[in-house]
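Please keep the sequence and the structure in view while reading.

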Amino acid sequence: MFFLQFVSLAQDEKVAIMRSASLLIVEDEAVIRDSLRMRLTREGFSIEEAVTVRQARALLKRNHFDVALLDYRLPDENGINLLQEIKQSFPSMVVIIITAFTSVDIAVKAMKMGAADFVTKPFNPDEIVVAIDRATETQQLREEVTRIRSTEEHMYALDALVGKSAVLSRLKELIVSVAQSPATTVMLTGPSGAGKDLIAKIIHYNSPRSNKAFVNITCTAISENLLESELFGHERGAFTDAREQKKGLFEVADGGTIFLDEIGDMPTPLQGKLLRFLEERSFRRVGGTKDISVDVRVISATNRNLRELVARGDFRADLFFRLNSVPIEVPPLRERADDIPLLVDHFIRIFNGELRKSVQGVHSDTLQMLQSYSWPGNVRELRNVMERAMLLGRTEWIELDDLKLEPLMHEGGEAGGERASAASLLGPDGVDLQQVERELVEEAMRRSRGNQSRAALLLRISRDQLRYRLEKFGMLSPAPRHRRRDQAEPV
């Protein structure tokens, strides 16, 4: 799941927006001005004309313009002066410079000051139409990217961490400190569903790197053979299917953040190459001979005990210490039960909108149950429970029966039944762990009728983790793969 988003409008929508635009022509040659007016009027533009910079300034005070065609040399002033004024007062206005001079210096100066294009005389009016099309589309894309970035910065503000408990307050303080620091490696540890992916995004969007890319890759979601190519890219002909050069995710994330989820499952051979990058801040594409340097912050996350993996030889000790330079422990939900009422209210607001419900809240005994439950699936599980309760509930207040938590409950809120059933699987002669895992995956897929998202919830793992296991056991359907951008889960 990458936070690189390229948004475009359908061609007919672009044309419709552009053709309804208002346009200012600032040109002292009557023949050129008349030619442009007639051609652009046929295209549907609303036209205003000026012969001098002074006239143009008067029009700009009275009217709004989307596009300006600006001659470089005008009777009273240099058009570059007007260009500078326009970009200061109307930064979104598309300005195209027209001039009889072919000086490269003039073109470079105009473009640096914000001109969208540069057209030299003599020209065909159709060239102007093409230039306006191109410049307007570019401006629309820039505005859309700015809007998306603003939305993401709001979505991943520190307030996305819902709760006021002491443990969460300390976590927020640490996140702010790390986000503003120059630290280039951060390690997030904690149980599955606790919100490590959300915290990674909060660190990015509250850091000086927020205007660059946030790239998310789950180490178990891509096969071992392709993971190196995904991370570092490849040269054309590096392997059988490498028909063209491809940038890796570290290149794409240059200046920003790369999030390596489930780092504990990274193949051992690739661990050494990641360590080399972290030490030298450079890498080579697969099949390449040139070192490529990039500036990225690497945030890694795992729900596994990396120290145990190091002790068993399954994870490099030197890589662990390099990644763990700034550790952040994400607490399980059971350690911040005081935050559950706020989280419940938060989810009610979300699902009232999404499900078109008007739920007012939860009964006191229901809230007590929610706070006493151990939440092995953490915030992700709470979110799913609330969604199901609101979807199936028939009143404005959520009741105990709506939660469907009773089969998992034990005295003191512990999921003791789960531990007992798991322990019973281990007989005196041991058990084939791979076979047990396969059977659990098969049963989850059967109960969910093949829905991977629901099966992943039953197993309390991410969808990417489930897909990895489906591939490992040869259970993945050959149907085309579709990925979607998941909605952020609060912590």
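In this predicted model, helix 3 touches helix 4 through V53, A56, R57 and L60, and their partners in helix 4 are L82, E85 and I86. By class, the residues of this contact are five nonpolar and two charged, with no polar ones. Helix 3 covers residues 53-62 and helix 4 covers residues 79-89; their axes lie 10 Å apart, at an angle of about 15 degrees. Because angles under 35 degrees count as roughly parallel, helix 3 is roughly parallel to helix 4. The crossing of helix 3 with helix 4 is right-handed.

Two packed helices are described by the angle between their axes and the distance between the axes.

| Helix pair | Angle between axes | Distance between axes |
|---|---|---|
| Helix 3 and helix 4 | about 15 degrees | 10 Å |
| Helix 14 and helix 15 | roughly 115 degrees | within 10 Å |
| Helix 19 and helix 20 | about 130 degrees | 8 Å |

Helix 14 passes helix 15 in a right-handed crossing. On the side of helix 14 the contact is made by I340, P341 and V344, and on the side of helix 15 by L367, L370 and Q371. Five of these residues are nonpolar, one is polar and none is charged.

Helix 19 brings L440, V441, A444, M445 and R447 to the contact, while helix 20 brings Q452, A455, L458 and L459. Sorted by class, the contact of helix 19 with helix 20 holds seven nonpolar residues, one polar and one charged.

The next topic is empty space. Rolling a probe the size of a water molecule over the atoms shows where empty space is left. The second largest pocket holds about 390 Å³ of space. Its lining has 18 residues, and those nearest the centre of the pocket are T220, G264, D265, R304 and Y468. Two elements give two or more residues to this lining, namely helix 12 (306-312) and helix 21 (463-472). Which helix gives the largest share of the lining of the second largest pocket? That is helix 21, with four residues. Divided by class, the lining of the second largest pocket has eight charged, six nonpolar and four polar residues.

Two places in the backbone remain. Most residues other than glycine have a negative phi, and most peptide bonds are trans. The bond that joins K121 and P122 is a cis peptide bond, with omega of about -5 degrees. P122 lies in the loop between strand 5 (117-120) and helix 6 (125-155). E262, a residue other than glycine, has a positive phi near 55 degrees. E262 is placed in the loop between strand 10 (257-261) and helix 11 (268-280).

Definitions and conventions:
Residues are numbered from 1 along each chain as its sequence is written. This is a predicted model: local features need pLDDT of at least 70, side-chain atom pairs count only at pLDDT 80 or more; totals for chains, interfaces and linings use all residues. Side-chain values use heavy atoms; hydrogens and water are left out. Axes are lines fitted to C-alpha atoms, for helices over the stretch in contact, and angles run from 0 to 180 degrees between N-to-C directions. Angles under 35 degrees count as roughly parallel, over 145 as roughly antiparallel, 65 to 115 as roughly perpendicular and the rest as oblique. A crossing is left-handed if the near helix is turned anticlockwise from the far one by less than a right angle, and right-handed if clockwise. Contact means heavy atoms within 4.5 Å. Ala, Val, Leu, Ile, Met, Phe, Trp, Tyr, Cys and Pro count as nonpolar, Asp, Glu, Lys and Arg as charged, and the others, Gly among them, as polar. On a 1 Å grid over the protein atoms alone, a cavity is a set of points where a 1.4 Å probe fits but cannot get out, and a pocket is an open set with protein on both sides within 12 Å along at least five of seven lines; lining residues have an atom within 4 Å of a point. Grid points are joined across faces, edges and corners, and a volume is the space filled by probe spheres set on the points.
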